[in-house]
Amino acid sequence: MMTSEEKLAIEGRIVEMLRTVFDPEIPVNVYDLGLIYKIDVEDSGEVSIDMTLTAPNCPAADFIMEDVRQRIESVEGVASTQVNLVFDPEWDKDMMSEEAKLELGYL
């Protein structure tokens, strides 16, 4: 059984890894864009991610989701990863971090 500290440590490493995943059309990572809605780490090391995209018809959707899955599975302590694509709530630019808004000229 994993302690809550271990889960938090894994979650922290996952967030760092998510900051290395980019939408090919946007120079900001998926985490700071606000595309990651939920990170759930189970005692078994299984990780479930709920994420969205900036647009439902994003041509790079499969590429981005596979990139997210592969990178998370490379994180120490992660046994497997399930990436769930959700569109509720719908993404909008207010979900971006301040850094992302600054980078993209929204501030």
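1. Helices here are DSSP runs of H or I with at least four residues, strands are E runs of at least two, and both are numbered from the N terminus.

2. This is a predicted model, where local features need pLDDT of at least 70, side-chain atom pairs count only at pLDDT 80 or more, and totals for chains, interfaces and linings use all residues. Residues are numbered from 1 along each chain as its sequence is written, and side-chain values use heavy atoms, without hydrogens and water.

3. Which residues of α2 are buried? They are A61, I64, M65, D67, V68 and I72. They sit on the same side of α2 because they cover an arc of only 160° around the axis. The arc is taken from the directions from the helix axis to the C-beta atoms. Buried means under 20% relative accessible area, exposed over 50%, partly exposed in between (1.4 Å probe, protein chains only). The face turned away from the buried side carries exposed D62 and F63.

4. The buried residues of α2 pack against α1 (4-18), β2 (46-51) and β3 (80-85). Contact means heavy atoms within 4.5 Å. M51 touches I64, M65 and V68, among others.

5. D50 lies in strand β2. D50 is buried, at 17% relative accessible area. Its contacts include L35, K38 and V86.

Terms used: Lists of a residue's contacts leave out its neighbours within four places in sequence.
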